[in-house]
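Here's a quick briefing to read alongside the model. Have the sequence and the 3D view open as you go.

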Amino acid sequence: MFKTRGIEKLKKILINDKHFHPSFFADLIRSEMFKSLSNYMELSPDDVLVNISIDEKGEYVLRLKAKCQRLKIMGILPKGV
Amino acid sequence: MARKIVITSGKGGVGKTTICVNLGIALARQGLRVMLLDVDIGLNNLDVVSGVENRVVFDIVDIIEGKCRPTQALVQHPNFPSLYILPSAHSYNVGKVDGNTLRAVVNGLSNNFDYILIDCPAGIELGFHRAVFCANEAIIVTTPHISAVRDANKVASLLNGYYLNEISLVCNRLRADLVLSNNMLKAKEVASSLNLKLLGIIPESDEISSSSSIYGDGIAIDEQSERAFNVLANNLHSGSNEMFDYTQKYKGFFAKIKNKLKRRF
């Protein structure tokens with residue numbers, strides 16, 4: 001009885017805290033980067049790699065790698081238009 | 001090349017230093033060369049818990065400042081010859097000790113040992129990151145209390161960012177009577193909540209508590225704790241997955257009657 005209540009409470013707390021997980025942010029950034037980059041490049045979601053690590057000072061380091069088959073041809077507007 | 005393992009928890013008072021010392025002793029008993037490194041600069045206790053505080057001449061900061069060689073600062077344990085302690089400084093401007101320098105010291109000593117156990121400070125501040133930066137594996141210590149498990153979860157999330165080879169869990173201070181009467185979480189339940197591999201179970205020990213209160217050292221002197229630490233050391237060294245049965249003396253007909261009477265009076 002007491003233990004079931006404890007496990008339930010623990011689960012709730014841990015589920016809320018999961019939002020701090022770096023891989024959660026990495027997946028989120030990856031999907032947004034793919035959306036943004038696909039305006040300029042022809043790539044698949046697997047071509048975008050996002051890695052979040054922590055250095056010795058505790059600062060987050062974001063590494064982004066994207067590769068594509070070809071760049072999209074962009075129409076460039078003349079100056080002043 | 002030594003296995004460099006950081007012993008961390010997030011929450012203070014869960015038994016990081018005690019587990020660091022006793023795990024080191026259990027490994028040293030198997031004939032392995034072990035170094036215990038105290039990274040808790042300013043609030044160091046590893047020398048006291050291991051009982052070598054009177055033998056300390058140099059510390060980690062003396063090495064960093066070039067006052068001594070790393071091997072000169074090592075303190076050999078009087079009772080366990082293959083166990084060495086590298087103490088931390090009592091008071092120091094911690095800003096001078098950065099993760100890269102500390103890692104260089106650890107890597108320099110790595111060839112002389114089989115295991116380097118790094119005692120991490122509580123919290124997730126700079127000291128935590130410095131300690132984790134030196135390691136390639138981590139052991140998270142927690143007690144079966146919700147606040148400690150929550151902090152262990154946060155620490156596990158942070159450790160994911162370091163891409164360590166392995167992150168495992170040790171559940172400390174379990175009480176068999178409370179677990180059997182469903183008034184305390186089991187170690188397996190804690191491990192599954194955290195999604196971590198359970199490396200070992202350490203039961204609550206009155207002997208360790210009173211030893212740390214009276215003598216200052218937290219070396220396991222009772223048979224049950226000693227056996228629990230030996231099982232933990234075996235799991236770490238050989239990769240086995242055996243769990244110490246701390247509920248044994250509470251099982252059986254007579255044990256149940258004895259415990260019921262004990263609780264009533």
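This is a predicted model: local features need pLDDT of at least 70, side-chain atom pairs count only at pLDDT 80 or more; totals for chains, interfaces and linings use all residues.

Residues are numbered from 1 along each chain as its sequence is written, with chains lettered from A and ligands numbered from 1 in the order in which they are written.

**Chain A**

- Chain A has two helices and four strands, where helices (H or I, at least four residues) and strands (E, at least two) are DSSP runs numbered from the N terminus.
- Reading from the N terminus, the order of elements in chain A is α-α-β-β-β-β.
- Of the 81 residues in chain A, 5% are buried; a residue is buried if 20 or more other C-beta atoms lie within 10 Å of its own, exposed if 12 or fewer, and partly exposed in between, with C-beta atoms placed from the backbone.
- Among contacts in chain A with a separation of 6 or more, 42% are between residues 24 or more positions apart; a contact here means that the C-beta atoms of two residues, placed from the backbone, lie within 7 Å.

**Where the chains meet**

- On the chain B side, 23 residues are in contact with 20 residues of chain A.
- The elements of chain B that give two or more residues to this side are H5, H6, H7 and H9, and H7(B) gives the most, with eight residues.
- By class, the side of chain B that touches chain A has eight nonpolar, ten polar and five charged residues; Ala, Val, Leu, Ile, Met, Phe, Trp, Tyr, Cys and Pro count as nonpolar, Asp, Glu, Lys and Arg as charged, and the others, Gly among them, as polar.

**Helix packing in chain B**

- Helices H7 (residues 146–160) and H9 (residues 187–194) of chain B pack at an angle of about 40°, with their axes 10 Å apart; axes are lines fitted to C-alpha atoms, for helices over the stretch in contact, and angles run from 0 to 180 degrees between N-to-C directions.
- That makes H7(B) and H9(B) oblique to each other, given that angles under 35 degrees count as roughly parallel, over 145 as roughly antiparallel, 65 to 115 as roughly perpendicular and the rest as oblique.
- H7(B) passes H9(B) in a right-handed crossing; a crossing is right-handed if the near helix is turned clockwise from the far one by less than a right angle, and left-handed if anticlockwise.
- From H7(B), B:Val149, B:Ala152, B:Asn153 and B:Ala156 meet B:Val190, B:Ser193 and B:Leu194 of H9(B), a contact with five nonpolar, two polar and no charged residues.
- H5 (residues 99–109) and H6 (residues 126–133) of chain B pack at about 35°, with axes 8 Å apart, and their crossing is right-handed.
- Here B:Gly99, B:Leu102 and B:Arg103 of H5(B) meet B:His129, B:Arg130 and B:Phe133 of H6(B), which divide into two nonpolar, two polar and two charged.

**The core**

- The largest nonpolar core has 86 residues, and B:Ile7, B:Leu36, B:Leu117, B:Ile118, B:Ile140 and B:Leu232 have the most contacts inside it; such a core is a set of buried Ala, Val, Leu, Ile, Met, Phe, Trp, Tyr and Cys residues joined through C-beta atoms within 7 Å.
- Helix H1 (residues 16–29) of chain B supplies the largest share of this core, eight residues.
- Beyond its neighbours within four places in sequence, B:Leu117 is in contact with residues including B:Ile5, B:Cys20 and B:Val34.

- B:Leu199 sits in strand S8 (residues 197–203) of chain B and is buried, with 22 other C-beta atoms within 10 Å.
- Leaving aside neighbours within four places in sequence, the contacts of B:Leu199 include B:Val170, B:Leu232 and B:Asn235; B:Gly200 touches B:Val170, B:Leu232 and B:Asn235, among others.

**Positive phi in loops**

- B:Tyr163, in the loop between H7 and strand S7 (166–174) of chain B, has phi near 50° and counts as exposed, with 10 C-beta neighbours inside 10 Å.
- B:Asn182, in the loop between helix H8 (176–180) and H9 of chain B, has phi near 60° and counts as partly exposed, with 13 C-beta neighbours inside 10 Å.
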